[in-house]
Amino acid sequence: MNQLTVSPQLEAKALSILNAKNPLDLTDFSPVDYFNKLFPNEQSLVSVDNVLEKLEAKIKETNREAERITDIQTIKENQHVEGDLDKAKDAIKELFKQIQDIKSKATQSESMVQNITQDVKSLDYAKRHLTHSVTVLKRLQMLVTAVNQLEDLSKNRQYQDSAQLLQAVVQLMQHFRQYKSVVQIRQLSDRIHRLKSYLEDCVLKEFEQGFSPEGTLVGQAWILHDACLVASVLSDSTQEKMIKRYVDLQLKSYRQIFSRPTEEVSQLDNISRRYAFLKRILKSCSEVNIFPDQWAVNARISEKFCACTKLDLEAVMKNNVPSVQDFLKALQLTIEFESQLTKRFEKNGAFNFEKAISSGFEPYFYLYINAEDATISSMIDSYAQSDIAIANLEDDNTMVVLPSSTDLFYFYKETLVQCSKFSTGKALLDLSKVFAKYLIGYCNKVILGGIATNEKKSIDYFRLASLSLNTADYCSMTTQQLEDKLKEKIDTEYVDQIDFTNEKERFLQAISLCIDAIIKSIDQVLDTQFLQMTRLPWGTMDSVGDQSDYVTQIMDIIKRYTTIIGKTVSNKRYYRTFCDRFAEWLITKYIAQIFRCKPISEIGAEQLLLDTHSIKTLLMDIPSTGSSGDDMPRTIPSSYSRIVSNGILKVEAILKTTMSPIEPPEAFVENYLLLVKDKHIGNFTRILDLKGIRKSDQGPIIDTFQRRVPYHDNLSDNSHMIPPESTPSVHQNTMIPSSITTSFSNIASTAASSIKNNNNVPLGLSPTESARGKLNENFRKLVMTGMAFRKDLQEKRGES
């Protein structure tokens, strides 16, 4: 809070005026000096109590003085406030008195105004009533005069003037509806009603006499035109009677000619004559020019014609089912005719000729649907062989999908456009079911059937299988577009019934089946190489050399075919799926073949370990096979790398265990538990069999195994690292890993054909002489690692 600051001179002047002599009132008061003056020495402190009493007395005196001054000031203020309050009360009373005077004068003024305006209102009401009475009398006079004139005109058949006068009478009579309780007005209303009835009879009679029974004009056109004007004023019912009679007369000859369903002229192949007949009728009616434009007589004739024609055509088709050609030709002409009528009468919004006749064709659309069914069926039958031939001829990598797939969907598109012109109702729904049926058929017979019937496992086969995979992917996406187009075209009530989910899922299944077929075919091609592997003397091998010949051949074959697959498969996501499945299959197959090579010596295990490294190098190169330039992946997918690494670790664990010397048994068991990491006695026995240990010699080793197992807490019941003891044949589905859930036999069942085993597969390319003399540095390191591992085992055995 800000403090008011004054100059020392002002303070001194104020103190002199107030006669302030007390030191406490001085501006430069100093407590220390003041107390030093009161107590100059220690002896003066004896008078402290007296000083305190004086100070307390001074404080009390000051308080009393302050209270006195405050009371005086309060009394003065209260006296001033009471005076102001009395003045305010007097002012309010004076104001209230003035308001009462004003209110009294206002009441007097209001009374005077009411007296004045009451007379004005009375005069105004009188004027209004007088004006209304004059108006009613004038209208009554006009109405009576008009009725008299109308009676004279109607008797003289002056219809044009009668129409105008009748309209005026009708309008004037509207003003007298509330006066019908008056006798004269009621009598005049009855007179007008009788006159209208007379006019209606006259105009109807004119129409009866104006046209012959065949609908030909025999009367005077201007009289009939004027009669139509009278009918327009009379009522809608009179107008409708005249139109109906005229329409029936004009279509009478048409009904006589075309209404018999057994006559030749009524058949579908003569449907154009029906439409030409209506065009002649409409031309004749336009030339007559009798009816007002708002009656839309030509449109009414066309409407009745369409209704009759629809019934006639239904009877004709029921009596004699037409051929597909006649049906489609008649339907096409009908749709074009309806379009012409709609365009001609589009200004009259009340008329819509869309499906006015063509809806009668709906029950017989099955003829068209069956024809399309047969056409698509024959197309698919021809696709199976043509695709195989074209795929074998095309080797420039320009083909992405089987040509038949684009041909099929183009035909679907054209058929959909054509059918939607004919019908967007149940017929289009039935056509969609045919589409769905043959999408499944195409998938089974062409996509899967093509690779199932091709027994020759050559480059052409793998190109065909890869194209089939691309085609299944293309068909899955295009089927979704087809479904969207059908939902866009079909009527709203059928939209929910359009569903191609099963077809899209089938194409996705076909992609998986194509991948399985490719892997199965590679399995068959590698039969000879894996057989060569099992025939090598692994139990008596005395040295470790380069990678084995069978590995070189396997690598050449796999690189050759995976290059074709990688270049042909357009969706790299599916090629990665193939790589994952192929890696699992090859590793599983390789492990199974290792157990068929028993017995395996320590040197043999080292050679297999070297071959395993070559297999791993091959697998790690597969994801980039077939890619070039910007398509070359810079890194191997981590998921694929894990599959290969985990699989190779299993192979190395088995081989390293096999490399371990059997003596002492405790060391061998410890190595098994360390590498294989399971306590499954069957797996342990398989390893003993792989090393060539006879059954009679396995007992002590198995006992040692059972004694050592409790000392290891991290062992699984079964690591599933070692395949089952009953080794299947090379082509059995159990050789494919569990991730490949769909066996190739499913292709045979769905495509109605099977792939036959082909054991006469030519050998792969033999390694060159220069390659035989070289040993990769990585191979040497691996061999040295295996030898060091064996040396460590021998040292441990010596120490024990």
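Student: Which hand does the crossing of α7 and α9 have?
Tutor: In this predicted model, the crossing of α7 and α9 is right-handed. Helix α7 covers residues 236-258 and helix α9 covers residues 297-319.

Student: At what angle do the axes of those two cross?
Tutor: The axes of α7 and α9 cross at roughly 40° and come within 10 Å. The two helices are therefore oblique to each other.

Student: Why does that angle count as oblique?
Tutor: Angles under 35 degrees count as roughly parallel, and 65 to 115 as roughly perpendicular.

Student: Which residues in α7 and α9 meet?
Tutor: From α7, the residues are E240, I243, Y246, V247, D248, Q250, L251, Y254, R255 and F258. They meet V297, R300, I301, K304, F305, C308, T309 and D312 in α9. By class, this contact of α7 with α9 has 10 nonpolar, 2 polar and 6 charged residues.

Student: What about α15 and α18, how do their axes cross?
Tutor: The axes of α15, residues 501-525, and α18 cross at roughly 40° and come within 10 Å. That makes α15 oblique to α18. The crossing of α15 and α18 is right-handed.

Student: Which residues make that contact between α15 and α18?
Tutor: On the α15 side they are L508, I511, S512, I515, D516, I518, I519, I522 and D523. On the α18 side they are Y574, T577, F578, R581, F582, W585 and K589. The contact of α15 with α18 divides into 10 nonpolar, 2 polar and 4 charged residues.

Student: And how do α13 and α14 pack, at what angle?
Tutor: Helix α13 (residues 426-453) and helix α14 (residues 459-489) pack at about 170°, with their axes 10 Å apart. That makes α13 roughly antiparallel to α14. Among the residues of α13 in this contact are L428, F435, L439 and I451, and those of α14 include Y461, L464, C475 and L486. The contact of α13 with α14 has 13 nonpolar, 5 polar and 1 charged residues.

Student: Let us change topic. Where are the cis peptide bonds you mentioned wanting to show me?
Tutor: P599 is in the loop between α18 (572-595) and α19 (602-621). The peptide bond from E663 to P664 is also cis, with omega near -10°. P664 lies in the loop between α20 (638-659) and α21 (665-675).

Student: Why point these bonds out?
Tutor: Because most peptide bonds are trans.

Student: What is the phi of K355, and where is that residue?
Tutor: Phi of K355 is near 65°, a positive value in a residue other than glycine. K355 is in the loop between α10 (324-344) and α11 (366-393). Its relative accessibility is 28%, so K355 counts as partly exposed.

Student: And K677, what is its phi?
Tutor: Phi of K677 is near 65°, again positive in a residue other than glycine. K677 is placed in the loop between α21 and α22 (681-691). At 44% relative accessibility, K677 counts as partly exposed.

Student: Which residues does L229 touch?
Tutor: L229 touches Q160 and A163, if residues up to four places away in sequence are not counted. The C-alpha atoms of L229 and Q160 are separated by 6.8 Å, although the two residues are 69 apart along the chain. L229 lies in helix α6, residues 221-234, and counts as partly exposed because its relative accessibility is 28%.

Student: How far apart are G545 and L610?
Tutor: They are 65 residues apart in sequence and 8.7 Å apart in space, C-alpha to C-alpha. G545 lies in the loop between α16 (527-534) and α17 (549-568). With 30% relative accessibility, G545 counts as partly exposed.

Student: Last topic: how many helices and strands are in the protein chain?
Tutor: There are 26 helices and 0 strands. Of the 800 residues in the protein chain, 42% are buried.

Student: What share of the contacts joins residues at least 24 apart?
Tutor: The share is 78%, among contacts between residues at least 6 apart in sequence.

Conventions. Residues are numbered from 1 along each chain as its sequence is written. This is a predicted model: local features need pLDDT of at least 70, side-chain atom pairs count only at pLDDT 80 or more; totals for chains, interfaces and linings use all residues. Side-chain values use heavy atoms; hydrogens and water are left out. Axes are lines fitted to C-alpha atoms, for helices over the stretch in contact, and angles run from 0 to 180 degrees between N-to-C directions. Helices (H or I, at least four residues) and strands (E, at least two) are DSSP runs, numbered from the N terminus. Angles under 35 degrees count as roughly parallel, over 145 as roughly antiparallel, 65 to 115 as roughly perpendicular and the rest as oblique. A crossing is left-handed if the near helix is turned anticlockwise from the far one by less than a right angle, and right-handed if clockwise. Contact means heavy atoms within 4.5 Å. Ala, Val, Leu, Ile, Met, Phe, Trp, Tyr, Cys and Pro count as nonpolar, Asp, Glu, Lys and Arg as charged, and the others, Gly among them, as polar. Buried means under 20% relative accessible area, exposed over 50%, partly exposed in between (1.4 Å probe, protein chains only).
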